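Let's take a walk through this structure together. Have a look at it first, and then we'll go part by part.

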Amino acid sequence: MRIGILTSGGDCPGLNAVLRGFCKYCFNRIKDVEIYGFLEGYAGLINKDYKVLAPADVENILDLGGTILGTSRQPYKLMTVKEGDAPTKLQQMVENYKKLKLDVLVTLGGAGTHKTASLLSVEGCNVIGLPKTIDNDIYGTDITFGFHTAVDIAADALKRIRTTADSHSRVFFVEVMGNKVGWLTLYSGIAAGADIILIPEINYDEEKLAQYIINKKASGARSVVVAVAEGVCSTREAAMSKKERRDYIDECGNASVAERLCEVMAQKTGLACRSTVLGHIQRGGEPCAYDKFISTEIGAYGAYLAETGKYGVTVCVRGNKLSYSVLVDIAGRTKRVPVDGQQIGLAKAAGVYFGD
Ligand code: F6P
């Protein structure tokens with residue numbers, strides 16, 4: 001059996017653990033298996049740039065952050081763009097899949113990766129997706145690998161901010177990754193006891209937010225810690241056209257969301273405010289124990305699907321079980337935090353303010 005495998009899109013802790021789990025299953029269970037590890041994500045398949053993986057390649061990588069195969073972002077919308085007489089990237093990938101006589105291609109990736117995987121599947125390639133991302137936004141799965149490690153990192157950072165915020169009696173805006181969804185901010189914010197959690201699914205009201213912060217301080221709180229998702233939007237910003245919003249961000253010197261919010265709130269509350277952006281530290285380093293566990297399981301289950309010829313699917317975790325969704329059903333869909341769901345409801349009941 002000839003298997004192609006690649007890691008694509010933004011990296012996350014657990015990619016190597018999945019590769020290891022997948023390859024170990026294959027080497028242990030599948031006769032005459034050959035595994036082609038494409039380098040730098042879909043770029044490796046486009047350019048036929050690969051390394052044949054041997055058992056030694058996946059030894060001692062369970063704890064290792066990043067990806068031994070390298071990754072890159074290959075925008076989905078460019079996959080079918082024609083440039084002159086050259087074949088599209090999609091056509092090149094299909095051609096290389098055939099040239100290498102692959103039986104299946106396994107893609108470790110997030111939302112964008114899954115959209116391209118679905119395209120390849122529609123083009124007749126046998127594809128299996130494995131759900132990666134610290135954003136936890138892949139439709140149809142409770143959990144993506146990498147998410148829990150990022151939650152631990154962000155929660156730890158938020159806790160550390162609390163002590164310095166307390167010392168100086170400050171209001172702190174901590175920017176957590178998550179451009180479209182707020183899972184990471186929600187989980188880490190709750191885990192770290194943040195006072196306020198702002199997520200892209202809920203537009204916050206600047207006046208209400210400022211008043212809440214003022215009241216909180218007036219009630220005796222030494223500090224106020226606000227966990228802010230990268231993609232949050234105020235009701236004022238939400239009412240702007242795309243161009244108005246771009247101009248506004250330009251005027252603010254392209255400051256990050258947390259910096260802009262910090263500036264606005266400092267003016268409105270008159271309190272000592274500071275901001276910090278956690279950034280890519282949330283994606284680096286060793287996976288947490290849960291991610292090592294789930295990544296190994298996801299890798300091994302993906303290999304089982306390959307062995308049994310279950311193609312055109314992506315692995316998902318539902319409840320406590322590994323299962324799969326059909327690729328074309330989940331591609332292009334986003335799992336957002338349900339605004340009226342239990343998690344937000346209980347967090348509100350436990351005293352968290354969401355800016356609405
Ligand atoms: O999709 C994962 C993610 O970390 C998002 O949370 C974030 O918006 C984005 O990737 C950052 O991408 P890049 O690494 O390309 O700057």
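What you're looking at is a predicted model, where local features need pLDDT of at least 70, side-chain atom pairs count only at pLDDT 80 or more, and totals for chains, interfaces and linings use all residues. Residues are numbered from 1 along each chain as its sequence is written, and side-chain values use heavy atoms, with hydrogens and water left out.

The protein chain splits into domain 1 (2–146 + 287–330) and domain 2 (150–283), with bounds from an automatic or database domain assignment. Their C-alpha centres lie 34 Å apart.

So where does the ligand go? Domain 1 and domain 2 both give residues to the shell around the ligand, so the ligand lies between them. That shell is made up of Arg-73, Ile-134, Asp-135, Met-177, Gly-178, Asn-179, Glu-230, His-280 and Arg-283, each with a heavy atom within 4 Å of the ligand. Sorted by type, the shell has 2 nonpolar, 3 polar and 4 charged residues, with Gly counted among the polar ones.

Now zoom in on some polar contacts (pairs of N or O atoms within 3.5 Å). Glu-230 has a polar side-chain atom 2.9 Å from an oxygen atom of the ligand, and for His-280 the distance from such an atom to a ligand oxygen is 2.9 Å. In Arg-283, a side-chain N or O atom sits 2.8 Å from an oxygen atom of the ligand.

Conventions
Polar contact = N/O pair within 3.5 Å; in protein donor to acceptor, adjacent residues only side chain to side chain.
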